[in-house]
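Keep the 3D view open as you read.

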Amino acid sequence: MNKLKWLIVLCFLNNVLASEPGKRIVVKLPFNDREEILSGMRKYLKITERMLREISTKNYSEVERLISKIEMDKDRLYRISKRENLSFMELAYRFHSVEVQNIKNAAKEKNQDKLILAISNFIGSCNHCHDRYQLIEWGGKDYPAAIPNKKFIDKYINLYKK
Ligand code: HEC
C-alpha cells in the first residue's frame, strides 16, 4: 500500500508541476482565494490517500466519512461561483457532485468493484483539471468575479436550498 500511495502522490505532483504553463487556461484569483484553493487541494490529496488506505481494508464507513468532507453544498456552490471562468466552475462542480457522490454511493453499498472504479474516475478528474487550468494571482484592484456568477448559481441553486 505504501508503494501505491507514493506512486499516486508522485503522479499528482508530476502532473501539476510538469504541465506547460502556456498551454493551460489561466484562472485569475485574488491572493487569498488562490491560497484557499491550494490549501483545499492539499487536503484533497490527503483525503485521497486516506481513502485508498481504507478501500484496501474495506473500511467503507470511513470512506463515506472522508468523502463527505468534500461534498457539494450551498456554501461551496457560492465559493465556486466566484472563480472567473465558467468552464472551470463546471469542472469543479462536477468533481464535488458527480465524482464525490459516486464514491459515497459505492461505499454505502459496500461494493468494492464500484468503489475502485469511482475512486479511479475521481483521481482522473484531478488530473483532467490540472492538465487544463492554472491559477494566477489577480493583480488589479477590482476583481471582476468577486460577485457570484448568476448563470452558474441559477443552474444549480435549486438542488442546494437548505
Ligand atoms: C476543478 C479543477 C481541479 C480539480 C477537480 C482538482 N484540482 Fe488540484 N489544482 C487545480 C489547480 C488549477 C491547481 C493549481 C495549478 C497551478 O496553478 O499550477 C491545483 C493544484 C493542486 C495541488 C498543488 C497544491 C499546492 O500547494 O500548490 C495539489 C496537491 C492538488 N491540486 C491536488 C488535487 C487532487 C488530489 C485532486 C483530486 C482529488 C484535485 N487536485 C482536483 C485544480 C483542480
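**Starting from one residue**

Isoleucine 103 counts as buried because it has 25 C-beta neighbours inside 10 Å, and the threshold for that label is 20 or more. Please bear in mind that this is a predicted model. Isoleucine 103 sits in helix H5. Which residues does isoleucine 103 contact, leaving aside its neighbours within four places in sequence? They are Val63, Ile67, Leu115, Ala118, Ile119 and Phe122. Two of these names, Val63 and Ile67, turn up again in H3, where they meet H2. Leu115, Ala118, Ile119 and Phe122 belong to H6, on its contact with H5.

Now step back to the overall layout. The protein has seven helices and two strands, and from the N terminus on its elements run α-β-α-α-α-α-α-β-α. Of its 162 residues, 17% are buried. Among the contacts with a separation of 6 or more, 76% join residues 24 or more positions apart.

Next come the helix pairs. Two packed helices are described by the angle between their axes and the distance between the axes. For H5 and H6, the axes come within 8 Å and cross at roughly 165 degrees. That angle is over 145 degrees, so H5 is roughly antiparallel to H6. Their crossing is left-handed. On the H5 side the contact is made by Leu91, Phe95, Glu99, Asn102, Ile103, Ala106 and Ala107, and on the H6 side by Lys114, Leu115, Ala118, Ile119, Asn121, Phe122, Ser125 and Cys129. Sorted by class, this contact has 10 nonpolar, three polar and two charged residues.

H2 and helix H3 (residues 60-68) form another pair, packing at an angle of about 165 degrees with their axes 9 Å apart. That makes H2 roughly antiparallel to H3. Here too the crossing is left-handed. Ile47, Arg50, Met51, Glu54 and Ile55 from H2 meet Glu62, Val63, Leu66 and Ile67 from H3. By class, the H2 and H3 contact holds six nonpolar, no polar and three charged residues.

Have a look at the loops that link these pairs as well. Most residues other than glycine have a negative phi. Lysine 58, in the loop between H2 and H3, has a positive phi near 55 degrees. Lysine 110, placed in the loop between H5 and H6, likewise has a positive phi near 55 degrees. Are these lysines buried or exposed? Lysine 58 counts as exposed because it has 12 C-beta neighbours inside 10 Å, while lysine 110, with 13 other C-beta atoms within 10 Å, is partly exposed.

Finally, turn to the ligand. Of the 19 residues around it, Met41, Ala92, Phe95, Cys126 and Cys129 come nearest. The elements giving two or more residues to this shell are helix H1 (2-18), helix H2 (31-56), helix H5 (86-108), helix H6 (112-132) and strand S2 (133-137). Which element gives the most to the shell? H2 does, with six residues. By class, the shell has 14 nonpolar residues, four polar and one charged. Phe95 and Cys129, listed among the nearest to the ligand, also take part in the contact between H5 and H6.

Key:
Residues numbered from 1 in each chain as written. Predicted model: local features only at pLDDT ≥ 70, side-chain atom pairs only at ≥ 80, totals over all residues. Near = placed C-beta within 6 Å. Helix = DSSP H or I, 4+ residues; strand = E, 2+ residues; numbered from the N terminus. Nonpolar A, V, L, I, M, F, W, Y, C, P; charged D, E, K, R; others polar. Axes fitted to C-alpha atoms, helices over the stretch in contact; angles between N-to-C directions. Parallel < 35°, antiparallel > 145°, perpendicular 65-115°, else oblique. Left-handed = near helix turned anticlockwise from the far one by under 90°. Contact = placed C-beta atoms within 7 Å.
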